[in-house]
Amino acid sequence: MTTPDALRYTRIPLNNGSGAIPAAGFGTLIPDPVATRQATKAALEAGFRHLDGAERYRNEEAVGDAMQNVFRAGTVRREDVFVTTKLWNTNHRPERVKAAFDGSRRRLRLDHIDCYLIHTPFAFQPGDEQDPRDASGRVIYDSGVTLVETWHALERLVDDGHCKAIGLSDITLEKLREIVAAARIKPAVVQVESHPYLPEWDLLDFCRQHGIVLQAFAALGHAMEPRVIDDPVVRAIAHRVGKTPAQVLLAWAVQRGTSFLTTSTNPGRILENFDISALPEDAMQEIRDSITTNVRFNSVVETGVPGFIPRAKS
Ligand SMILES: NC(=O)c1ccc[n+]([C@@H]2O[C@H](COP(=O)([O-])OP(=O)(O)OC[C@H]3O[C@@H](n4cnc5c(N)ncnc54)[C@H](OP(=O)(O)O)[C@@H]3O)[C@@H](O)[C@H]2O)c1
């Protein structure tokens, strides 16, 4: 049994919005609503105070149910939970943004959202079909709106008061620079895939310079091959410090100054993923210096279409 330390309670200050974001985040990309309800409730009970959702996950009602359940029980207060959700690609047109945001608020049953992200920089044909395709199966993009125009619509949500902070997801450094240059309200958060196989150091450096929090999704590599959780460097450190490989990966994420998002429907793993402890500095350095594998698991940054890419076992 290890002694709990403060790492799991780390909060990172935001450049606008709800003060600070808890570094340890629980993601709700879970297809089944019953599993979503159970896992979200278990995450809040385990100590997670940061939830990540999206209109696109089609389960905001279930996330809302789980939160209300825990708030009613009196074990967790709304003001202690940081909730992020995201604008989907089909709602990039400025005139669609407020309705999409209010739809998420209604489904989540929340008066305000702590952080609203543009889910991807790709605008799709506006409408209720989340995955619009032409007769050949190709995605129908929308060239009638720019990312800067959508960003300004998010800024107006902040002005209205129900949205505390805004940010971007699945964005490249180049596109982020454009938004930072054009923004009246700077992005507070940037959510991208990141783990030791895709550390995104350049993006992290830029975020640090601008007071932007980098939120690392797939912090455990989405349990895909090649499994970062089975990496020999990570496993050896886990053995040395008496923690699991997952706990090493999540501690690494917090100690290098990012927030992480992890997901599990397994109650034991949810507890494990919150039970992180600080790593010695030499372990942090070893992960940075000795792991050279470079893999992106999710292709969403290339097309705007979400999806982890299965790979053959090497
Ligand atoms: N912005 C975007 O485009 C985007 C894209 C993807 C994800 N996200 C967000 O990021 C969140 C996290 O992403 P992710 O699901 O890829 O995270 P992840 O934590 O890297 O991967 C989750 C997978 O790891 C397994 N797992 C969890 N804890 C484990 C542990 N302690 N030991 C071994 N395996 C473990 C889970 O299986 P079990 O359930 O069986 O435990 C699940 O298969 C999502 O829920 C979503 O909120 C955002």
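**Note on the cavity, pockets and ligand site**

1. The largest cavity has a volume of about 30 Å³. A cavity here is a set of points, on a 1 Å grid over the protein atoms alone, where a 1.4 Å probe fits but cannot get out, whereas a pocket is an open set with protein on both sides within 12 Å along at least five of seven lines; lining residues have an atom within 4 Å of a point. Grid points are joined across faces, edges and corners, and the volume is the space filled by probe spheres set on the points.

2. The model is a predicted one, in which local features need pLDDT of at least 70 and side-chain atom pairs count only at pLDDT 80 or more, while totals for chains, interfaces and linings use all residues. Residues are numbered from 1 along each chain as its sequence is written, and side-chain values use heavy atoms, with hydrogens and water left out.

3. The count of cavities of 30 Å³ or more comes to one. The largest cavity is lined by Thr28, Leu51, Asp52, Gly53, Val63, Val83, Thr84, Thr85 and Leu108. Strands E4 (50-52) and E5 (82-87) are the elements that give two or more residues to this lining, and E5 gives the most, with three. Helices (H or I, at least four residues) and strands (E, at least two) are DSSP runs, numbered from the N terminus. By class, the lining of this cavity has four nonpolar residues, four polar and one charged. In this scheme Ala, Val, Leu, Ile, Met, Phe, Trp, Tyr, Cys and Pro count as nonpolar, Asp, Glu, Lys and Arg as charged, and the others, Gly among them, as polar.

4. The largest pocket has a volume of about 950 Å³. Its lining comprises 38 residues, of which Leu29, Ala218, His222, Thr263 and Phe308 are the closest to the centre. Helix H8 (245-255), E10 and H9 each give two or more residues to the lining, with H9 giving the most, three residues. The lining divides into 16 nonpolar, 13 polar and nine charged residues.

5. The ligand sits in the largest pocket, a placement that requires more than half of its atoms to lie within 2 Å of the grid points. Strand E10 (259-262) and helix H9 (267-274) are the elements that give two or more residues to the shell around the ligand; H9 contributes the most, with three residues. In total, 30 residues surround the ligand, the closest being Asp52, Asp170, His222, Thr263 and Ser264; a residue is counted if one of its heavy atoms lies within 4 Å. This shell has twelve nonpolar, 14 polar and four charged residues.

6. Which protein atoms lie 3.5 Å, 3.4 Å and 2.8 Å from the ligand? An N or O atom in the side chain of tyrosine 57 is 3.5 Å from a nitrogen atom of the ligand. A polar backbone atom of alanine 219 is 3.4 Å from a ligand oxygen atom, and a backbone N or O atom of leucine 220 is 2.8 Å from an oxygen atom of the ligand. The protein covers 88% of the 910 Å² of accessible area that the ligand has on its own.

7. The second largest pocket holds about 190 Å³ of space. Its lining consists of Glu55, Arg58, Thr90, Asn91, Arg96, Ala99, Ala100, Arg107, Gly127, Asp128 and Gln130. By class, these are two nonpolar, four polar and five charged residues.

8. Most residues other than glycine have a negative phi, and most peptide bonds are trans. The peptide bond from glutamate 225 to proline 226 is cis, with omega near -5 degrees; proline 226 is in the loop between strand E9 (213-217) and helix H7 (232-241). Arginine 109 has a positive phi of about 60 degrees although it is not a glycine, and lies in the loop between helix H3 (94-108) and strand E6 (113-118).

Notes: Polar contact = N/O pair within 3.5 Å; in protein donor to acceptor, adjacent residues only side chain to side chain. Areas by Shrake-Rupley, 256 points an atom, 1.4 Å probe, with all protein chains shown as cover.
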